[in-house]
Amino acid sequence: MKINKFGFHSISVKFDEKYSIPHQIFFKQHKVREETDDRPSELTLFVCNIPPYYNEDCLKCLFKPCGIVQTILFAETDTPCTIINLKGKSKFHQVENSKGYKIAYIVFKSANNLQNALSWNPPSPIIIKNNEFSFLTGLRKYCQQYNKSISIADEMEQEIVQFISEYDKKLKKEEKILKHTAQSNIGGWVTVTRKGRNPGFARKQSVKDNIMKSVQKKKKRKALLNFYTFQIKESKINHLTKLREKFEEDKKKIQSLKLKRKFKPF
Amino acid sequence: MENNIVISNKNRKRNNFDYVEIPIKKKRKKSDIKKVAPPTAEEMNRLRETENIFHSNLFRLQIEEMLKEIKMSERTYNKILLWIEELKEFLMNIDISFSLTKGDLINIPNVLFPIKNKSKSIETNFVFMKPKSVNVFGSFSSNCSFKRCGIIDIVVEMPKEIFHKEDYLNERYLVIRNIYLSCLASKFIDLGNDSLIHPTIEFIITNNSEKPLLRIKPNSEKLQKYNFYIHLVPESGILKETRFCPSLNNIRYGWYFETAGDGKLNSPSPYYNSVVCQDLVTLKNEELRKNVFSESPNFKDAFLLLKVWLQQRNLKEGVGAFSGFLLAMFIVYLRKMNKLNHLMSSYQIIRTVWLGLDQTNWHSEGISLVDTKNECKSDHLKIFNSNYDVVFVDVTGNVNLASILTLPKYMQIKFESKYALQCLDDPKVNSFPALFMTPVVSIQEFDHLIYFRKLSVMKKVVRDNASTEMQLDFRNNIGLQFLNIIIKMLNRALGQRVSDIAYIVNPTILSWHVNEKIPHYKNVILGLKLNSEHAYDVIDKGPMANLPEGVEFRKFWGSKSELRRFKDGSVCETVCWVKNKDTLQMKRLIIRDIINYILETKFEIKQVHYLYIADQLESIIYDNYNKIFTFCGTGEEAVLKILSSFNDLSIKIRHIKDLPFQITSIQGTSAVFRYSDPFTNLPHVHSTIKKGLNFTEKTIVFKSDIFSKHTPLYISPIEAVIQLSVSKKWPDDLDAIRRLQAAFYIKLSSNLTKICNCICYPNYNYIDILKDGYVFRIRISNNSEISALKRQINSEGLIEYCDNDESMYLEKKLVQLPILSSAIHGLHQQYPAFGPTCSISKRWLRSQLLDDYYIPDICVDLLLSHLFLNAAPYTVSYQPQTMFIRFLKLISTLNWYLETIIVNFNDKLSREEILEIESTANKNRESLTPLTIATPFDKSGTLWSQPEPSVVILRKLTQLADAALHVIELSIFNSNSVEEIKTIFRPPLKGYDIIICIIPTVNSLRWMNIDADINTFCPIKNSPEFKKLPIVDFHPVRLYIEELRKYYGEFCLFFYDFYGGDFIGVVLKPETKLVKEFKVSNMKCSQETKNKLYFNVEAMIDDFHILGSGIVERIERY
């Protein structure tokens, strides 16, 4: 059993027998202060340095000797928000999100399995690729991807129709709730929505900005310009400073041109 | 009205209120005002002056900076003056006992006689005598010499006594002058090492081979970089100036041809006359010049500026050049005409000089420095004009100062002046660098170059074609005669096809040590600028056959001439050069064919005797097509075919009625629509390889069990965008929008199949349409999709729209790219060389293993657009090769970090906008991308250059371009230049840590490799029907690299040439070599030893093998 001083276990893994150099995968028990439901500490193994092309099947196969794996969550870093989630997307529009080496949270079925994993001492390099699952890389994978992208017209239509009908239902529901809130006045308060007889402003940043702008404009229109002598004097001075500023700016440009050695014709 | 009053009252109240309540604020305001220093009179003057008498403040400052840089400092000036005093004293007291009597051979100790005179012996007696005077003259005397490689002219006056009465005749004056010069040289040599003068003493010919000068250098280290040219003039009054009137003969026929000739054969010798007479009047003109230049220092400044301008254009020196002396005299002329005055600023002076050069026509009505009161002036000038090409009469009225200026050079000067004025008048560009800072190089300047290497060819042409008058006047000046003959002939043959024929004689300045033989000029280059309106005319239409002109025409063109009937019924003599259906690439070379024909038939110059430089680099793209397809030029025709097919398709799509959304426009986005694809699709790239493919009803897919090692050849989809009208039907939810879009594709596909019987294949994100053998891939550009991606709810609970990576990507691809594509399409229509240039440039860039990832295609397109829109100091060329070389020059000299590239399509940006773009870019330089390209559609300039190219890549690019330019400059004048130039398209293998070799048959663009064997690709014939959607956009190597970049981009850089490259170069980033602490964030691809993490390169290489199974042949580590 190899455990280093940081509490990490390490195992060597080879993808295929052909290759001589194994990858080192590090893992330890998942322990954080704020635990989430999908990754309970007593069931979860925190695994690092997983090669980017490994998928769930690979990991399941790898940890098979330790017990039954319930779920596997991939992440890019160990901060909780980077879990790679593919749910809710159309199956025709799935993009692989992984960017390089991954981190995984492996949730076992029972606590025993986790303990097995933590005391696991495999014989040197484990070889993952076997006949249990088909895992394509390289040219074959690309060919398969291409085929997938082609043969889907009818299925796609079905999926769309289904999704849209569900979506319409959802919208109707929401509208109902909205109407309901607009009509009810709880404790004398009326909720203003965009619908109805007296619609409120859209709750957008741009609308707010526009209102602020017009207020400012109005303010400006009301002020008197070039009326008092001090104002005239000031405007003259402003003109002068502007000229000077421009002059200075040009000088700066020249300086930068000088840096480029632009004044030696030959 | 009432309202206003109320408001002002309120204001006043508030003011009062302010005053009472917060007096501190007011006080601070006052002190603010005091900080602005009152302007001094000087400052006000300067500010006002800049507005009125200079182009702009920036221009003025630039002029000042440059003058500072090139002007000689007061200290060195004085030092040189001191040295000249010493030299003067030495020369005035020189004593040489040297004499020759009539009939002696000219033999001067230590010195070889510097001109080739007719007889080796002297025809009069000669005794050396001390010079009459020694003076400084020319630019140094007014302190307008350059600081670097400055030239100081010294004039030595030869005494009266050494001349004879009849020395005007038969080169006698020239012989004596040169013997005198040789005597001085021999004396200098005798002085040895420890003297005033550096022992390397040379003869030098700047522009007149009959009057070499003596070049000496001071023997002190500090002054050694200055060259002193010794000129000789005779003391006044030895020869009558009227003797040298242009219509008189001073070289006797009998003497020159050594046959007893009739007196009638003594034709005028204007060239010889002016050569001799110029020496007689030098000092008088110099005096006038000095007077004018001493009026105001601005004359000197302007003179210096113009000298720089001439120098940069290589017009100041060499055979037939516009010398500094001539320039100075022209300024004097303008002063005399009262076009200049001493109050003018240097900027105003140079502008007036350019205007003067543009407006006067020395070749048709010469100008004269003689006082205008002289009534017979015009008659006088007529004599000059009938004897010389270009006329500028000096102050004495006897000499044509411009006699050594040749007509082509003069026309070039006129053209350049006009162009300079245009540059100044264009407020949008900072014209200063173009006018003064950029040297003009011939291979970048001209469309076509004709390169004559052999002197023997030129001699033969002159021997066979020069008239006796010409031979008599120019004598052994072969170069001038050759140029004269050949340019006249080419002008006649090419007519309106060219706008300018210029020449360059190399080397521009001949210099040799005094005891060596006179060297020859090495080569002559003719440069042609095409006139785009007529250059590609397929036929030359001559006069009607029955007119006498018709006979002449037929005589000129010989067997090429034939009779043709035209649409208006006329029957004319014509010459036809190419067939109508020939490609544009061939049409670009019509002029070459004409010149080949003319040189061969008129002068018997075979093609092996000269080199025609115009299309050497085009062969790169031309070869690609030739490799597997039938001939189709450089691809412009293929683009046109696609465009017409696409137009047809878009009309059909617009005619579809029952679509849920209205289509507003259909626009292309592929590189094809910008004419910038190095390989344009052809309609018949159906795979001939059937193994491993499964033919279904509508498409072709891969078999899942049988596997072929040959992947089908690449077919790129031609991408386009459908713009939909704004509609409220779109939902807010992104997933819903995307599904609706997919539904739209399905609907479109079924309708389109019904209407036009083409194969459509809807997909989730696009629709593929097979039409005329092309695959068009069309996407919907939908604003609601983009805004759904942008939508966010901020901390106040308001809805905000923020850019993010995905929305930016879509916006670029679906909104910005179509706009840009149509702008660039317009640019190509204006400058037809754009497309091919772009293709060559991309081919070159990619062959350096810098692919679309590092330098996005669109950046290349934009850089080239910039080049075409801002061609200064050149004009836009019509030959792709020339433009490509300029492109290399641009990227090798561009200071990426400090300059913002502005591509001003259709002049949409105003001057103010451009200034604003520049100033904001300068202010925010740190936060911007290393390369910024601003367009009217994207003023920030960062849209297309994100995230790459990075500084590292740009630096590499600069080096590569510099190297490529070097190779081209060296090899383009060699006879097998095509092969030599191809080396710049072969990537170097050095500098990579890992090299991944690819199985060649997997590479679906394998035929584009520069060294691909033509024989391995069987030509693919048109298949009669296109009924199945072929395998589109399948490039396994690209997919592989994309995967590698995604997974290992943190650790390595991957380089690959997509156009048929057979290896991937991998560079490890320096971070991978570090030892790291054991941390979760450092664990990627590393192994642990003793609680530290090391990068595991071997394991990564194994990963490369695994991911590239079936693609990778072997991986080598260096």
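Residues are numbered from 1 along each chain as its sequence is written, and chains are lettered from A and ligands numbered from 1 in the order in which they are written. As the model is predicted, local features need pLDDT of at least 70 and side-chain atom pairs count only at pLDDT 80 or more, while totals for chains, interfaces and linings use all residues.

**Exercise 1.** Find what the pLDDT says about chain B, and which stretch of it falls below 50.

Solution. Step 1: pLDDT is the predictor's confidence in each residue, from 0 to 100. Step 2: the mean for chain B is 80, with 92% of its residues at 70 or more. Step 3: residues 1-33 of chain B have pLDDT below 50, and this stretch makes seven contacts beyond near neighbours in sequence (contact: C-beta atoms, placed from the backbone, within 7 Å). Step 4: where pLDDT is low, the predicted coordinates should not be read in detail.

**Exercise 2.** Identify the residues with the most contacts inside the largest nonpolar core, and list what V47(A) touches.

Solution. Step 1: a nonpolar core is a set of buried Ala, Val, Leu, Ile, Met, Phe, Trp, Tyr and Cys residues joined through C-beta atoms within 7 Å. Step 2: the largest has 314 residues, and V47(A) and I331(B) have the most contacts inside it. Step 3: leaving out residues up to four places away in sequence, V47(A) touches I25(A), F27(A), I103(A), A104(A) and I106(A).

**Exercise 3.** Why is R1114(B) classed as exposed?

Solution. Step 1: R1114(B) sits in strand β35 (residues 1112-1117) of chain B. Step 2: a residue is buried with 20 or more other C-beta atoms within 10 Å of its own, exposed with 12 or fewer, and partly exposed in between, with C-beta atoms placed from the backbone. Step 3: R1114(B) is exposed because 11 other C-beta atoms lie within 10 Å.

Technical notes
Contact = placed C-beta atoms within 7 Å. Helix = DSSP H or I, 4+ residues; strand = E, 2+ residues; numbered from the N terminus.
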